[in-house]
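Subject: Structure handover and notes

Hello,

Please keep both open side by side while you read.

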Amino acid sequence: MTFSWAPVAAQQVTGTPGSPGATTTINGKQLPAPPSKFGGMVKEKASESTPWWAPRVVPPKGAPNVLLIMTDDQGFGAPSTFGGVIPTPSMDRIAKAGLRYTNFHSTSLCSPTRAALITGRNHHSVGYGVVGEIATGYPGYDSIIPIEKGTIGTILKENGYATSWFGKDHNTPSYQSSQAGPFHQWPNGMGFEYFYGFVGGDASQWQPNLFRNTTAIYPFLNNPGWNLETAMADEAIQYIKQLKEVAPGKPWLVYYVPGATHAPHHPTPEWIKKISDMHLFDEGWNKVREKIFANQKRLGIMPENASLTPWPKGLQEWDSLNLEEKKLFIRQADIYGAYLAYADHEIGRVIQAVEDLGQLDNTLIIYIGGDNGASAEGMVNGTPNEFTTFNGVPVPVKDQLLWYPFWGSERTFPHFAAGWAWTMDTPFKWVKQVPSHFGGTAQGVVMSWPGHINDLGGIRRQFHHVIDIVPTILEAAGIAQPDMVNGIKQDPIEGVSMAYTWEKAVANAPSTRKTQYFEMLGNRAIYQDGWVAATTPATLPWELSTATPPDVITGYNWELYNLQEDPTQFNDLAAKMPDKLKQMQDLFYAEAKKYNVLPLDNSTLARWNTPRPSLTAGRTEFTYSGELLGTPASAAPSILNKGYVISAEVEIPQGGAEGMIVTHGGRFGGYGLFLSKGEFGAGRGKVVFLYNLLDLKRTTWEGPELEAGKHTIVFEFKPEAPGLGKGGTGILSVDGKEVARNTLEHTTPITFPEDETFDIGQDTRTGLALLEYRYEPPFKFTGKLNKLTFKLDPEPETQAKN
């Protein structure tokens, strides 16, 4: 069965018009649908009048439920479904019940792919030229999805679907993610009626920054063993079950996007043991890569003419490593493999629940393996704390081994070595962040819909892009793209439907996607009719730094590939075909102008601290009183790379007090001012300021125990010089008297942990202290906080220019 992407030919009405049970479809061109004209009769007396109800809007008959699944940072060659060594039986299940797509592409980075996925438009078209954390003030890069480019959630909701979003929300601008809103760029404001998940690029799976709709929740507190992967599946299953029982005829869209396998890699101990016992990675990344490629050839994932691309010179060969390095790197891969297998298992629970509720036959399942290639953001050797990477700090192997027994637990925020990322992208070159080569953009996709996709187990090689998912869903549902949403004229969807691939008879039909540009962080490529021209990456994604990159235009070489003969981008034809290359380059710049790609910018970490609109922009003084919890960094005073003074006016009751006065961050980096908990009744109530440098070094300032009464606590920090991450001197004073002075050799240059928050009066997630002054959250302050002030030096100029 094939579909043409068009609205249902005629309005479908059920029941008696005007009765409470009547329903209707709409043409969908104007959303919400125009109000129905009252069809009853009104006279002076109700007994002589005729009531009339507007019909309830429903989707066209036969419109399926949609379960849209996408994992994170997975890599084309990671899952068993696409030749990988990591078992993914749930993905295998959908592949056997439907189709595998082997030439499907993302944008090469998280939130850009997600913005493209839910809108059906290119990522620069919807403001996500890069991840929101490094947004800049240009139309293609401001991290704001325009209202004239409505989401699939909005379209389906207004056509009668129930819509929901579970998991990662990386499409709310960081500067709009606080309790003050605005909330129109949160899932609930983008057409998804129910949201359960975290906001931002990543989150601990043990203690995530979790929301139900727009309210922060903390189900992990006093709940040992709680993990978001399982909790999210439980929540989605309950949501689907509830819909089935309350509104059995109402189709639903469930957008299911777990944090796996983005760092931190946080599987449960049971999955760690299961995967470690399989010894999948003991032979090392070079041999594992060869094994994956052999599997891909055997399964037909890669055609016979495909070649395994060479190992890069910038990464170590496995045989060159010493025993300590091999031991650590195998452990890193075991944890990653356990995380992927665990996530796939929980996805399988959701799929099974759909079947158990009798809804599998009318559910279109689209399962996308990753939002970009595997991540090399753990740097060359990996890291026990991903935020060392984002602050440009490598962690030596000998130091990482201190975390070896705890890798994957709540004590770590881990990421594997870059060599594993290259391996998980087999057979392609490059990794996440790199859009010019398929290692950054190729995603394995499986799709099933019983009775509509009947070439069970089939493989499709047509070139497609993440923007093609929205039109595919709309065609399946028989719903048109709207012309107007909330009175705003809509720009055309830029994707094309993939539904033409569902028939076995057209398995080898030419792709309907003829052209597609790619750009991320200055790297770029252009696809047209089986050809790809691509820049050679000028900087390495596993060496994030604030160093000045090469000129974004002249600092890059270009490569050229004929994908019909060379599907893995193995044989560069640029030198042999300069005219063809020039034609493709000209096409790229034409597409770049069309889709808001300009201006090109290849800065990375330096862009993190670009000034953006926020509730704190331009402010140097902040005043608080009492408790305030869960404030994200964008709405909190930033002490990074500047001098500051924190003052707290407190009142201590008889018998003393303890607890957190103010903190930003947690176990993996940040600071806190608190009164100590003490041990065995001793040392309680001491004034402490603690600075945690990325879980690598903790520096403390200690004052006296506070007696009952009013006190003023002041911590002042003076940097030694302007610049990123500079050290300086901190002075702790109590009631006007200096009680401690200490120095910091370095401070955090770029960011505290993204999933942590600014808290006053308690600590909502992970504790700062490791051994000395250790406490368990929420560590509520048991005194009275009358006034808390921050005074910051003026913001240094950090805007990167190229």
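The notes below go through a helix, the aromatic pairs, the strands, the charged pairs and some backbone details.

Please bear in mind that this is a predicted model.

Helix H5

Helix H5 covers residues 269–276, and its buried residues are Trp-271, Ile-272, Ile-275 and Ser-276. Viewed along the axis of H5, these buried residues fall within an arc of 125°, so they line one face of the helix.

Two cis peptide bonds belong here. One joins Ala-260 and Thr-261, with omega at about 5°. Another joins Ala-263 and Pro-264, again with omega at about 5°. For context, most peptide bonds are trans.

Aromatic pairs

The count of aromatic pairs comes to 49. In one of them, the ring centres of Trp-318 and Trp-420 are 5.7 Å apart and the planes are at 55°, so the pair is tilted. The two residues come from distant parts of the chain, 102 residues apart: Trp-318 is in the loop between helix H6 (285–299) and H7, and Trp-420 is in helix H10 (residues 418–424). Trp-318 is buried, with a relative accessible area of 4%. Trp-420 is also buried, at 0% relative accessibility.

Another pair is formed by Tyr-644 and Phe-717, whose ring centres are 5.5 Å apart and whose planes are at 25°, so this pair is stacked. Tyr-644 lies in strand S24 (residues 644–652) and Phe-717 in strand S29 (residues 709–719), so the pair ties together parts that are 73 residues apart in sequence. Tyr-644 counts as buried at 4% relative accessibility, and Phe-717 is buried at 5%. Tyr-644 and Phe-717 also belong to one aromatic cluster, together with Tyr-671, Phe-689, Trp-701, Phe-715 and Phe-752.

Two arginines lie over rings. The charged end of Arg-411 sits over the ring of Phe-406, 4.3 Å from the ring centre. Arg-524 lies over the face of Tyr-556, at 5.0 Å from the ring centre.

Strands around S24

Which strands pair with S24? S24 and S29 run antiparallel and are joined by nine bridges. Within that pairing, Ile-652 has Gly-709 of S29 as its bridge partner. S24 also pairs with strand S33 (residues 784–792), in the antiparallel sense and over eight bridges. There, the bridge partner of Ala-648 is Leu-788.

Salt bridges

The structure holds 28 salt bridges. One of them brings together the side chains of Asp-72 and Arg-114, at 3.3 Å from N to O. Asp-72 lies in the loop between strand S5 (65–70) and helix H1 (89–97) and Arg-114 in helix H2 (residues 110–119), so the pair ties together parts that are 42 residues apart in sequence. Asp-72 and Arg-114 are both buried. They are also linked with Lys-168 and Asp-371 in a network of salt bridges.

Asp-491 forms a salt bridge with Lys-149, with the closest N and O atoms 3.8 Å apart. Asp-491 is in the loop between strand S17 (488–489) and strand S18 (515–520) and Lys-149 in the loop between H2 and helix H3 (152–158), so this pair ties together parts that are 342 residues apart in sequence. Asp-491 is partly exposed, at 28% relative accessibility, whereas Lys-149 is buried, at 8%.

Arg-460 and Asp-455 meet in a salt bridge at 2.9 Å, N to O. Both of these residues are buried.

Positive phi angles

Most residues other than glycine have a negative phi. Leu-521 has a positive phi near 55°. Leu-521 is in the loop between S18 and strand S19 (523–528), and counts as buried at 9% relative accessibility. Phe-779 also has a positive phi, of about 45°. Phe-779 is found in the loop between strand S32 (758–760) and S33, and counts as buried at 6% relative accessibility.

Regards

How values were computed: Residues are numbered from 1 along each chain as its sequence is written. This is a predicted model: local features need pLDDT of at least 70, side-chain atom pairs count only at pLDDT 80 or more; totals for chains, interfaces and linings use all residues. Side-chain values use heavy atoms; hydrogens and water are left out. Buried means under 20% relative accessible area, exposed over 50%, partly exposed in between (1.4 Å probe, protein chains only). Helices (H or I, at least four residues) and strands (E, at least two) are DSSP runs, numbered from the N terminus. The arc is that of the directions from the helix axis to the C-beta atoms. Rings of Phe, Tyr and Trp (its six-membered ring) pair if their centres lie within 6.5 Å; planes under 30 degrees apart count as stacked, over 60 as edge-to-face and the rest as tilted. A charge sits over a ring if NZ of Lys or CZ of Arg is within 6 Å of the ring centre and within 35 degrees of the ring normal. Two strands pair if DSSP finds at least two bridges between them. A salt bridge is a side-chain nitrogen of Lys or Arg within 4 Å of a carboxyl oxygen of Asp or Glu.
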